[in-house]
Amino acid sequence: MAAHTVTDPLEELWNHTMSMDKTHLMCFYPSKITMGGVWTGDNPLDFSIPLLLFQILLITSTTRAATLLFSPLRLPTYISQILGGFLLGPSVLGHLPHFSNLVFPVRSLFVLESMALLGLVYYTFIVGVEIEVPAITRAGIRSFGFAVGCALPPFLIGALTGYVALSTDDKRKGDTFLNKLSFPIFLGSTFSSTAFSVLARNIAELKLAGTDVGQLTLSASLINDTFAWTGLTVATVLGHSRCTITQTTWTLTSGVVIFGASYLLLRPMLLRLARRAAEGEAVGEDRECWILIGVLVAALVADAGGTHAIFGAFVFGLAVPNGPVGVALVEKVEDFVVGALLPLFFALSGLRTDTAKITNMHSAVLLLVAAMVAAVLKVAAAVGVAGVFGMPLNDGTSIGLLLNTKGIIELVILNIARNKGIMSDQSFTVL
């Protein structure tokens, strides 16, 4: 092949990596990281670092503009960021000639997605820190009643919808029995989950934190999300290609070991550190740094174990007591993660959201109807549980509506399912 026909070696490397045919040799330019300058005739978008900086600037400015534009509607910030990412995707600006190839070439997605995943690792760590695990064990019978009552009907609807969708998908007929279980379990867990971090902020803004409704909702959400995360972990494990019972068992065992090690070994040490901090002793920059490095270790171990990097970060966050230590750690990373790294994730989600991928309207409508029915059943179940415990039905309706709260983590979960091959591009776009 003549040298002048190789226009983009990194794109060829991407195609080679994603191809089942590994017999050919691929080359790339090691000097394509930093440029020599525009005065030498270099194009900044041909080099990794200038392209990444340009992408970060474009994504950040677009999501910030969307936030400013929609601020009169009092929407949560992440909604505007999702819309900003959708704007940059193939459904809107991607229709412009050469826009995607110039601004988001395939060769740049390795670096961009790695940066976004690093942000997600620390964001899920923050979410874990904000959840008080002892609150789950202290929850009363009413909290368990609302959690189970509001989680079971949506899970069954999601699992049934996933089973029906798989039975009509010719591409999945070659999957093993364990692989086929992944999508129903995933969809059921997604429908039953609640965005606890967003819910906690909403309850605080609505001044419900001190009320019976607010406390019951938060407790039920903690229990609900514990079951949902367990289901999502199982679905991720089952979604691996050529998954066997032995591999599934070892992967799930790895997840249990990670959780046990974080909670039984790490948490006691952090509790001692929190008690010292409460007595006036400074946490210290070295200790904070080691904890933040520990997040990366937990993410690496979880990913190596076959679950997912964010599962390790989330479990590590659960081990951190929500006190002076937790607050100090969150303050260290939250602004940079939420302000700079999360918008990259939203942009990638927008790039993957392509309305042209919706080709089977029957399946798309089925998924939409199932999501709506699951939400309605969650409210109906909450009203029923409130009636059983002799509570006003208005309180049950409020709890059911609040437990339907969704947020960034749900979008993270959808991306994981798409990357792992658990769901199709059409299902991702619809959800």
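Mentor: Begin with secondary structure: this predicted model has 18 helices and zero strands.

Trainee: What share of the 431 residues is buried?

Mentor: Buried residues account for 46% of them. The accessible surface of the protein is about 21,600 Å², and carbon and sulfur atoms hold 68% of that area.

Trainee: Among contacts between residues at least 6 apart in sequence, what percentage joins residues at least 24 apart?

Mentor: The figure is 76% for this protein.

Trainee: How many disulfides does the structure hold?

Mentor: The general idea comes before the count. A disulfide is a covalent bond between the sulfur atoms of two cysteines. In this structure the number is zero.

Trainee: Is Cys150 buried or exposed?

Mentor: Cys150 counts as buried because its relative accessibility is 0%, and the cut-off for buried is under 20%. Cys289, at 39%, counts as partly exposed, since that class lies between the buried limit and the exposed one, over 50%.

Trainee: Now a single residue. Where is Ser193 found?

Mentor: Ser193 sits in the loop between α8 (177-192) and α9 (196-205). Although in a loop, Ser193 has 3% relative accessibility and therefore counts as buried.

Trainee: Which residues does Ser193 touch, not counting those up to four places away in sequence?

Mentor: Ser193 touches Asn224, Asp225, Ala228, Lys378, Leu403, Thr405, Lys406 and Glu410. With Glu410 there is also a polar contact of 3.3 Å between the two side chains.

Key: Residues numbered from 1 in each chain as written. Predicted model: local features only at pLDDT ≥ 70, side-chain atom pairs only at ≥ 80, totals over all residues. Heavy atoms only, no water. Disulfide = S-S within 2.5 Å. Buried < 20%, exposed > 50% of the residue type's maximum accessible area, 1.4 Å probe, protein only. Helix = DSSP H or I, 4+ residues; strand = E, 2+ residues; numbered from the N terminus. Contact = heavy atoms within 4.5 Å. Areas by Shrake-Rupley, 256 points an atom, 1.4 Å probe, with all protein chains shown as cover. Polar contact = N/O pair within 3.5 Å; in protein donor to acceptor, adjacent residues only side chain to side chain.
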